[in-house]
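Grab a pencil and work through the exercises below. Try each task yourself before you read its solution.

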Amino acid sequence: MEGNPNNIELINSLQAEVESLRERINQLETEKAKLSQKLSGCVCQKNAGSDRSLSVDCTSSIGEMEMLKLNKIGTLNRSKYKESGDHTMALHHLPKRHVALKVMYFGQRFYGFASEAQMDPTVESEIFKALYKTRLVSGDKKELQYSRCGRTDKGVSSVGQVISLSLRSNLKETSTSNGYSAEISAEESCDGELDYVKILNRALPNDIRIIGWSPAPTDFNARFNCLSREYKYFFWRENLNIMAMESAGKRFIGEHDFRNFCKMDAANVHNYRRYITSFEIFSCNERYGDDELWAMKIKGSAFLWHQIRCMVAVLFMIGQGLESSNVIDKLLDIERTARKPQYKMAPEIPLVLQSCEFDDLKFKCSSDAKQALRAHLEKECRSYKLEAAIFHEALLSCSSTFSGMKATSYILPEILLQNLLVADSSQLNSRTKKKGPTHIPLMSRPTEPSYEERRAKLAASRSNK
């Protein structure tokens, strides 16, 4: 058996493979030694285990160098840095400060602002990708003390959303606690601070921009510290009765129970009283043909889920002459109208979160960042105007095609014309007499369950589990 040529050949082959593996092990050992030597000389490693007095100035400069590098390659992955312990350690010893960021975004392609819906993309998820990519943050939202002022829905835009969180700072810390850098106070000078607007806008997609930042106290919360929110809803006037809509809109002013003007979330929301401080309706001085662009501006302390779109939907019915202004009072009277009538909300695309009001926040934007932001927005405006021009050209083309078809009909053979005129005359008459869907008055429509009924159903489902 030992003399079998096949066995001898197999043994020789295995011995050769073993020798090859030994050589590879030696190569890897050499590589390991080189990497260990480099690691022992790493500045971040020294700072993590030695005198921290040297780390502040050095790591600040390292952070700046990393930012330049990041802006060059622009391909860092959020999850890689979120899950990397080395990255977290590298950022923990850097100074940080609590700030508020003012955000604008165009909501058409997003599944709302908040990322909890598990649908991508959202505005919030894109912002956090940029934050991790630029290494301005480490840790999760809770560690960053993250908060947002508003939670806009799918398709809704904003030019004044505000979020707050702790970001890496370029300023030296004032004190230390438990081996970590203390946060820089909101009152400290911002001279020499990182240009948050410029840094983030380089990493954000074209339809999201940071338009300002402000120092904020460490206990600041963008949601609960907000004094008021203001929304705008754009629409084409067409044949709407603006005076009737304005008169009806004024009835919203004051504190009311808006459960009939929202999508009810009985599991989480138990108080439906909200305070509306102002309502305006005005022309935007923008025309298209014979039509004119208008807007409604609604300001209040806070708003319920889909509240603005429900309010606007009812105002449109009033503007069309389908409902009287008194329907507002009836819907606000929950004793009289305990259940919300079923009606369709106004579309989401024309809705814009215009501004969020706070005490003692002073948003700033460097001249470089402001110039870049203006150039970007002007470029986007020109791009959309080009798209509008193409659609308008298509409209003109269709118009000329239709008019051409009408003109050629006169040269059709006479017998064909007669056949076209008399064919299916009953259907032709039915089409000319066809009307739009009949409007059912709001107070005569089927209703949704009341708040009490929803709560009872929730209680029953819990008890059955």
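This is a predicted model: local features need pLDDT of at least 70, side-chain atom pairs count only at pLDDT 80 or more; totals for chains, interfaces and linings use all residues.

Residues are numbered from 1 along each chain as its sequence is written, and side-chain values use heavy atoms, with hydrogens and water left out.

**Exercise 1. The whole chain**

Find out how many helices and strands the chain has, and what share of its residues is buried.

Solution. Start with the secondary structure: there are 14 helices and eleven strands. Both are DSSP runs, numbered from the N terminus: helices are H or I with at least four residues, strands are E with at least two. Next, burial: 38% of the 465 residues count as buried. Buried means under 20% relative accessible area, exposed over 50%, and partly exposed in between, using a 1.4 Å probe and protein chains only. Last, look at contacts, meaning heavy atoms within 4.5 Å. Among those with a separation of 6 or more, 76% link residues 24 or more positions apart.

**Exercise 2. Strand S6**

Work out which way S1 and S6 run, and how many bridges join them.

Solution. First locate the strands: S1 covers residues 96-105, and S6 covers residues 208-215. The two run antiparallel, with seven bridges between them; strands pair if DSSP finds at least two bridges. Then check the cover: seven of the eight residues in S6 are buried.

Now zoom in on glycine 212, which sits in S6. Take valine 197: it is 15 residues from glycine 212 in sequence, and their C-alpha atoms are 6.2 Å apart.

**Exercise 3. Helix H7**

Decide whether H7 is enclosed or open, and name its buried residues.

Solution. H7 spans residues 196-203, and six of its eight residues are buried, so the helix is largely enclosed by the rest of the structure. Those six are Tyr196, Val197, Ile199, Leu200, Asn201 and Ala203.

**Exercise 4. The largest nonpolar core**

Solution. A nonpolar core is a set of buried Ala, Val, Leu, Ile, Met, Phe, Trp, Tyr and Cys residues joined through side-chain atoms within 4.5 Å. The largest has 53 residues, and those touching the most other members are Phe235, Met245, Phe261, Met296, Val314, Phe316 and Ile328. Elements giving two or more residues include strand S7 (228-236), helix H8 (242-249) and helix H9 (307-319).

Next, pick phenylalanine 316, in helix H9. Phenylalanine 316 counts as buried because its relative accessibility is 17%. Beyond four places in sequence, phenylalanine 316 touches Tyr233, Phe235, Leu240, Met245, Met296 and Ala346.

**Exercise 5. Tyrosine 288**

Find the strand that holds tyrosine 288, and say how exposed this residue is.

Solution. Tyrosine 288 is in strand S9. With a relative accessible area of 44%, tyrosine 288 is partly exposed.
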